[in-house]
Amino acid sequence: MSVQSQARAGAQTIYGRSGEVLILGQWDPKPLSQAVSGNDDSYWRGKRVLDIGANTFGLSIELARAGASVVGIEPDPFDWYFNLVRETVESVIAEEKLSLSIHKDGLFEARKYGSFDCILLLGVIYHFRDPQYLLDFLSTLDTKDIVISTQTATGDSLHLVNRRDEGMMPKGFWSDDIVLSGWHPTRPLLERMIRWSGFDNVTALTDPSVNFPNKPLKGLTNSAYYRATKVKTVDPEASRKVYYPR
């Protein structure tokens with residue numbers, strides 16, 4: 001397996017069995033695995049897991065090593081993630097006999113992969129204009145738990161901050177013609193949004209006082225990591241049309 005020596009921006013590092021770097025990425029799946037596990041790796045043992053937006057599958061590999069049976073899906077909109085890592089990931093799977101399958105697919109195709117003990121949605125919802133719709137859609141999938149990470153805005157009020165707002169992202173990160181590129185909710189709002197979407201037992205897996213651009217652990221992309229349990233299904237198409245009078 002060849003080693004990519006130059007870190008790819010936006011990609012997860014892929015480690016070999018002995019901890020050697022096979023693909024060098026900007027994000028480190030080892031602290032990422034620690035974050036989504038809430039410092040309890042045993043949580044994944046024997047569970048069937050869907051990793052939505054799995055990037056270069058570095059985290060998917062670590063969860064499979066922790067004893068999970070993992071399905072990783074990545075839409076790869078820029079057509080380099082999947083082609084870059086397919087051979088490396090498949091070699092790791094074969095060598096270590098991991099229960100992991102990787103697919104070039106998006107989250108709205110997730111239902112076809114069946115039922116899961118836990119679904120991961122990491123660093124995805126802030127890319128959408130309607131994050132509540134996306135969370136509602138998650139409740140329509142067959143799962144017991146979800147783990148969500150995103151970038152959160154500072155404050156105790158219930159508000160969303162445009163990712164283009166000054167101070168949220170580096171200057172020059174967006175081109176001038178992009179008016180909106182998703183949202184950063186405050187933590188209180190994010191927790192309520194998760195509950196509105198049919199989930200309960202919403203638990204912070206990392207330091208609940210940390211917000212973007214700070215990170216709870218070095219090598220992570222997001223500031224907030226939560227686990228929650230599904231209690232009901234919410235119709236995303238119906239809920240987005242509801243008017244809520246005072």
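User: Which residues in α4 meet which residues in α5?

Analyst: This is a predicted model. In α4, look at Pro131, Gln132, Leu135 and Asp136. They meet Met193, Ile194 and Trp196 in α5. Sorted by class, this contact has 5 nonpolar, 1 polar and 1 charged residues.

User: How do I read the geometry of a helix pair? At what angle do α4 and α5 cross?

Analyst: Start with the axes, then the angle, then the hand. The axes of α4 and α5 come within 8 Å. They cross at roughly 40°. Angles under 35 degrees count as roughly parallel, so α4 and α5 are oblique to each other. The hand of the crossing is right-handed.

User: Now a second pair. How are α1 and α2 packed?

Analyst: Take the steps in order again. Helix α1 covers residues 29-37 and helix α2 covers residues 58-65. Their axes lie 9 Å apart, at an angle of about 60°. The range 65 to 115 counts as roughly perpendicular, so α1 and α2 are oblique to each other. α1 passes α2 in a right-handed crossing.

User: Which residues make the contact between α1 and α2?

Analyst: From α1 come Pro29, Lys30, Leu32, Ser33 and Val36. From α2 come Gly58, Leu59, Glu62 and Leu63. By class they divide into 5 nonpolar, 2 polar and 2 charged.

User: How do I find the inward side of a helix? Which residues of α5 are buried?

Analyst: List the buried residues, then look down the axis. Helix α5 spans residues 187-196. Its buried residues are Arg187, Leu189, Leu190, Met193 and Ile194. Seen down the axis of α5, they fall within an arc of 160°, so they line one face of the helix.

User: What covers the buried residues of α5?

Analyst: The cover includes one helix, α4. It also includes the strands β8 (143-150), β9 (160-162), β10 (183-185), β11 (199-204) and β12 (224-230).

User: Which residues have a positive phi without being glycine?

Analyst: Asn55 is one, with a positive phi of about 60°. Asn201 is another, with a positive phi of about 55°. Next, place each one. Asn55 is found in the loop between β4 (48-52) and α2. Asn201 lies in strand β11.

User: Is Asn55 buried or exposed, and what about Asn201?

Analyst: Compare the relative accessible area with the cut-offs. Buried means under 20%, and exposed means over 50%. Asn55 has 10% relative accessibility, so Asn55 counts as buried. Asn201 has a relative accessible area of 51%, so Asn201 is exposed.

User: How do I read a peptide bond? Which one is cis?

Analyst: Read omega. The bond from Phe212 to Pro213 is cis, with omega near 10°. Pro213 lies in the loop between β11 and β12.

User: How do I describe the surroundings of a single residue? What does Leu138 contact?

Analyst: Leu138 is found in helix α4, residues 131-138. Its relative accessible area is 1%, so Leu138 is buried. Set aside neighbours within four places in sequence. Leu138 is then in contact with Ile52, Ile119, Leu121, Ile146, Ile148 and Phe199.

User: Can we try a loop residue? Where does Thr186 lie, and what does it touch?

Analyst: Thr186 lies in the loop between β10 and α5. Its relative accessible area is 0%, so Thr186 is buried. Residues up to four places away in sequence are not counted. Thr186 touches Ala153, Thr154, Gly155, Ser157, Leu158 and His159.

User: Is Lys112 buried or exposed?

Analyst: Lys112 is exposed, with a relative accessible area of 59%. Lys112 is found in the loop between β6 (100-103) and β7 (116-122).

Technical notes. Residues numbered from 1 in each chain as written. Predicted model: local features only at pLDDT ≥ 70, side-chain atom pairs only at ≥ 80, totals over all residues. Heavy atoms only, no water. Helix = DSSP H or I, 4+ residues; strand = E, 2+ residues; numbered from the N terminus. Buried < 20%, exposed > 50% of the residue type's maximum accessible area, 1.4 Å probe, protein only. Contact = heavy atoms within 4.5 Å. Arc of directions from axis to C-beta. Axes fitted to C-alpha atoms, helices over the stretch in contact; angles between N-to-C directions. Parallel < 35°, antiparallel > 145°, perpendicular 65-115°, else oblique. Left-handed = near helix turned anticlockwise from the far one by under 90°. Nonpolar A, V, L, I, M, F, W, Y, C, P; charged D, E, K, R; others polar.
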